[in-house]
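Try each task yourself before you read the solution.

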Amino acid sequence: MDFLITFLNGLSLGGIYAMIALGYTMVYGIAKMLNFAHGDIIMVGGYTILVFLWINPIVAIIASVIFCMLMGIVIEKVAYKPLRGASPLAVLITAIGVSYLLQSIAQMAFGSAPKFVVIADLGTLKIGEIAIGYSTIITLACSAVIMVGLNLFVKFSKTGRAMIAVSEDKGAAQLMGINVNNIIMITFAIGSALAALASLFFLLKAPTMTPTFGALPGIKAFTAAVIGGIGSIPGAMVGGLLLGVIECFAQAVPAIAPYTDAIEFSILIIILLVKPTGLLGKKRREKV
Amino acid sequence: MKLSTKILSLALALVMIVCAISLTSCNGEDHPAADNEKIKIGLTGPLTGGASIYGIAVKNAAQLAVDEINAAGGLDGIQFELVMYDDKHDATTVETLYAKLYEEGMQASLGTVTTKPGLEFKTFAKEDNVFFLTPSATGDAIPEFANGYQMCFADSNQGTAAAKFFNENYAGKKIGVFYKSDDEYSVGIYNNFKANLDKSFGDISATTASFTGEASTFDSQIQLLKDCEVVFMPIYYTPASQFMTQAMNVDNSIAIYYGCDGFDGIDAIEGFDINTVKQEVSYLSHFNSTATEGPAAEFIAKYNDKYDEEREPLNQFGAAAYDCVYAIYEAMKTAKANGKEIDANISADELCEILKEVFNSDSFTFRGITGKTEGNEKSTISWSADGTVQKEAIKYIVKEASN
C-alpha cells in the first residue's frame, strides 16, 4: 500500500515539476534562451495568491495567473527583448539577474520570514487502506488536463502551429508572415501562467511561501526539462514525472534519503551521457 | 565633454587619490585597528536569502545591546560599534567578508550566525588571533581553537540532552526522527541523539526520515513516520511547521513533536496557527521567545519597541546575540578591574588574550537573558576552557496536546 501511495505522491509532485519544466522548455524552444528567472515566477504566483486570498480563493488563483502572465510579458519586454541577437551568455546572466531582482523585491515587500498561505483545507480520500490527500488527486488531475490541453493547443491551434514554426526556423517563420515578437510574448505568458498554477499546487500540498521558494523547484524542473530533452514539450512532461517519482521513492527509503538530490542529478548526467539530446529530444543534423 | 562633467570627474579622481593615500598610510600601521575611535565588534550572518530571519534578528538585537551600552557611557567612555556583513549563509563568502572586517579594524567578534560559514570564519580568526563569541553557530567544531566561544549550546550537547530526555520520559514508545541531511546543525544533533539513545528503543534507522535543501513537500517522509508516537525534529521551525501541517492530512499516531532550539519561533509564523496541530509541540532551548515575565520578557519588549515585530521577528538567535555583546562588554569591564589596559585602538590580538583570560577564569560568570532564569533574576552563564557554554536548558512546551 505504501508503495502505491508513494507512487501517487511522486506522480503529483512530478506533475508540478512537469508544469514548470514546460515553461523552461517552451521558452528554450522558441526564444532559444534559458530563462532562469522562471522558478521565481512560481514565488511571484504564490505571493499574489497570498495578497488576494482575503477576497476569495478562486479570485486569488485567477489573479495570480493573470499577474504572472503580465509579469512574464514585462520581463520579456524589458529584460530579454533588447538582448535578442546578443550572445547567449549575456542573456543567461540577465536571466539570473532578473531572478535575484524578483527575490529581492519579494523580500522587501513581504519580509524573509515564511508566510503560511492556506488556500483551502481539502482533506483526505480514503479507499480501504489507502488514504491520499485530495490535494494530490487534484494536482494529478489538473496537471494531466493541462498537459493534454497544451499539446492540443500547440498541435492544432493557429498560434500553436506558429510557435512550432518559430521554434523550427525563426527567419523562415517571419517570412511566412508570423509575428515572431508576438509569438515569443505568448510563449512567456503561457509559461508564466503554468508557473502560477504550479505555485497553486505547491501551496495546496505545502502552504508556506518564502522569497527564495522558487529556486529549488526551478532547478529541479530545469533538470526535468533537460532529462526529457529541452525544447520538447512531451519531453518536459516525461522528465518532470520521472523526477517527481524518483524523488518520492528516494525519500521513502531512510538509508538513501540524504542522497535524493544527488540521485536526481546523477540520473541527469547518465541520461545526457547515453542520449545527449535528452529522452525525447530531437537530433538536429548539422548541414555543412 | 561638458565643462561641468570635466570638473566633476576631476573632483572624483582627486577624492580617489586622497582615499588611496590615506589607505596606504593606514596599512603602514602595526594593526588595522590603530585608528579606531570606537571598539569595533564584527560579525557575518545571513541578511538576505532563506536564513535571513536569523541574521536579521541577530543584527537587530546586537545593535540594541551596543546602543544600550553606549547610551550608558560605554566602557568608561569608550564607545562600541557593530559591523555586520551579509554572508547569505554561504561559506564561500566568508573569506572576503572576514578580510573586510579585519581590515576595517575589527577588534572582537560575534563570529557568524550559522554553523556552515562559521567553520570558515574560525580558521581565519585563529590566524589573526581574533576573539569571537558566536550567538548561534552551534557546530561542535566552532570553538575548536582557543579564541572561539559559543553562547548557544553545541550540537552534541543538544543531541545528548535530547537523548537523555527521551530515555527518561519516552521509554517504550515508538520514536522517529526527521532531520535535514545537508545541514551541519541537524546532522550533528541527530548523530549525538542516536549515539546516546537507550538501547531499549531498538533500531531507529527504519523510522528516520530526512530532507535536503528548501524542500517543501514531505509526502514520503510522512508515510515513513506516521506510525511513530514521538517524532524528534532537530531542524529549524519552517520545515517543521510544514511537516506538521502536511501530516494533518494523513492518518497518523504521532502524539508529540519534540525539537531543539531551532523550534523557537514556531508559534509566531504568520498565518500558521500552532493550535491547529493536535500533537504536543515542545523543545529543549535556552530562550523562551514568548516569555511574559522576567528578564527575557523585558528584553522582548525592548526589541519589539525598536523593531518591526512582524517583518523582523525576534528569535533565540537574537536573544543570544544580545547576551554575546553584553558578555564581551562585561568581560572587558572585569579585565579593566583587574588592571588590564583597554582603549579604543587596542589590537585584536591583545584584546583576544585579555578576553580569553577572563572567559577561561573560574570566577567569571555572566548574568544573561538566555538560559534558565528565576523570577526577575538573570541566568548564570559561564564557559568551559574548550569554549562551550555552561548554562541550564529549558524544556519549553509550545503547546499541549489537544483533540
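Predicted model: local features only at pLDDT ≥ 70, side-chain atom pairs only at ≥ 80, totals over all residues.

**Exercise 1. Describe how helix 2 of chain A and helix 4 of chain A pack.**

Start with the geometry: helix 2 (residues 38–52) and helix 4 (residues 88–110) of chain A have axes 9 Å apart and an angle of about 25° between them. Axes here are lines fitted to C-alpha atoms, for helices over the stretch in contact, and angles run from 0 to 180 degrees between N-to-C directions. So helix 2 of chain A is roughly parallel to helix 4 of chain A, a label for angles under 35 degrees.

Next, who touches whom? Asp40(A), Met43(A), Val44(A) and Tyr47(A) of helix 2 of chain A meet a set in helix 4 of chain A that includes Leu102(A) and Phe110(A). Contact means C-beta atoms, placed from the backbone, within 7 Å.

Residues are numbered from 1 along each chain as its sequence is written, while chains are lettered from A and ligands numbered from 1 in the order in which they are written.

**Exercise 2. Work out the hairpin of strand 2 and strand 3 in chain A.**

Strand 2 (residues 124–127) and strand 3 (residues 130–133) of chain A run antiparallel, joined by 4 bridges. Strands pair if DSSP finds at least two bridges between them; strands (E, at least two residues) and helices (H or I, at least four) are DSSP runs, numbered from the N terminus. Thr124(A) sits opposite Gly133(A). In the turn, with 2 residues between the strands, Gly128(A) has a positive phi of about 60°.

**Exercise 3. Find the edges of the open sheet in chain B.**

First write the order: 5 strands, 2-1-3-4-5, with parallel pairing. Strand 2 (80–86) and strand 5 (148–150) of chain B each have a single partner strand, so one side of each lacks a neighbour in the sheet. Further in, strand 1 (residues 39–45) and strand 3 (residues 108–112) of chain B share 4 bridges in the parallel sense, with Leu43(B) partnering Gly111(B). Finally, helix 2 (residues 52–71) of chain B packs on the sheet, touching strand 1, strand 2 and strand 3 of chain B.

Notes: Parallel < 35°, antiparallel > 145°, perpendicular 65-115°, else oblique. Contact = placed C-beta atoms within 7 Å.
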